[in-house]
Amino acid sequence: MTAKIINGKEIAEQIRQELRTKIAALKARGITPGLAVVLVGEDPASQSYVRMKGRACEDLGLYSKTIVKPATTSEEELLTIIDSLNADPRINGILVQLPLPKHIDENKIILRIDPDKDVDGFHPINVGKMLIGEPGFLPCTPHGIQEMLMRSGNDPEGKHVVVVGRSNIVGKPVAAILVQKAKGANATVTIAHSRTRDLGSITRTGDIMVAAIGSPEFIKADMIKEGAVIIDVGSNRVSDPSAKRGYRWTGDVDFEAVKEKASAITPVPGGVGPMTIVMLMSNTVLSASRAHRQDI
Ligand code: NDP
């Protein structure tokens, strides 16, 4: 079996088209959704994510504000920036690019963001709403994974989903979303992690497997079920002297071998990555329509 490739770029483009219609409807009523992205420090990967988010806003005609501060910025200063964004009516979404420098308490920063502008879905209020199935903001990568499954004809309902990884930004929330008693969910979910014994015996039972580990090509063909749907969240930069830049991006799954056994698989790059950004845009538009009580 050679797996069907689940093309994240194409699915993200579909969602962008749907968003364009919603944005046009909001603009016709004088509303332009706005996103603020705050970057502290000079981490090159973070700089590149922030640039991509700014470009995505520009492409959709959203108002965007990027605030870049040096790594020496104090926690107090950052909290003051958050307060001013919370109060700014042009801003519907606030995203603080993580990780933050060590002297800043990430939890304290996330807690300060107005939950109604928390388009990353990391505020405990939104995490709680996600868990009990109330409308809030779903975190972008896990929500993007759910959209990818549904739009590629792989409804998780009744399936056994094995998630490898239990981070607060991917593993735990993707499990929480897919286990909901709701459309696009209703899965039986198992979460595995670094302390899981005999990982292969568990991953081989997954009709759908989500790999969010951060370890290049960790999931091998003998660790998956024949015909499984594989979602590779991993985004690992590995050195490659044959590549022009001297490196390439690879996922957590041994793509070449696994695609011969799976029924569907996401590539890296071009899989989950583009979905994360478009879901951020989607949350920003949702936030603007809620703030102005518009049903679009
Ligand atoms: P974390 O490092 O926070 O979490 C990794 C998880 O994998 C942990 O729960 C860890 O277990 C588990 N793990 C590590 N080693 C093993 C192992 N040998 N066996 C089983 N489980 C293991 O990473 P993130 O969740 O933040 O990210 C995961 C990957 O996804 C990264 O490559 C990241 O770059 C990528 N990513 C991609 C995004 C995108 O948009 N494409 C967005 C976010 C992340 P334990 O808890 O026990 O330590």
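**Exercise 1. Sort the lining of the second largest pocket by class, then trace where it comes from.**

*Solution.* Start with the classes: the lining has 14 nonpolar, 11 polar and 10 charged residues. Here Ala, Val, Leu, Ile, Met, Phe, Trp, Tyr, Cys and Pro count as nonpolar, Asp, Glu, Lys and Arg as charged, and the others, Gly among them, as polar.

A word on the model: it is predicted, local features need pLDDT of at least 70, side-chain atom pairs count only at pLDDT 80 or more, and totals for chains, interfaces and linings use all residues. Numbering runs from 1 along each chain as its sequence is written, and side-chain values use heavy atoms, with hydrogens and water left out.

Next, look at the helices (DSSP runs of H or I, at least four residues, numbered from the N terminus). Helix 10 gives the largest share of this lining, seven residues. Among the other helices that each supply at least two residues are helix 1 (8-28) and helix 6 (140-151).

**Exercise 2. Find the residues around the ligand and its polar contacts.**

*Solution.* First, list the neighbours (a heavy atom within 4 Å): of 20 residues, Arg166, Ser167, Ser194, Ser235 and Thr276 come nearest. By class, this shell has eight nonpolar, 11 polar and one charged residues.

Then check the polar contacts (N or O atom pairs within 3.5 Å). For valine 233, a backbone N or O atom lies 3.4 Å from a ligand oxygen atom.

Note on methods. Polar contact = N/O pair within 3.5 Å; in protein donor to acceptor, adjacent residues only side chain to side chain.
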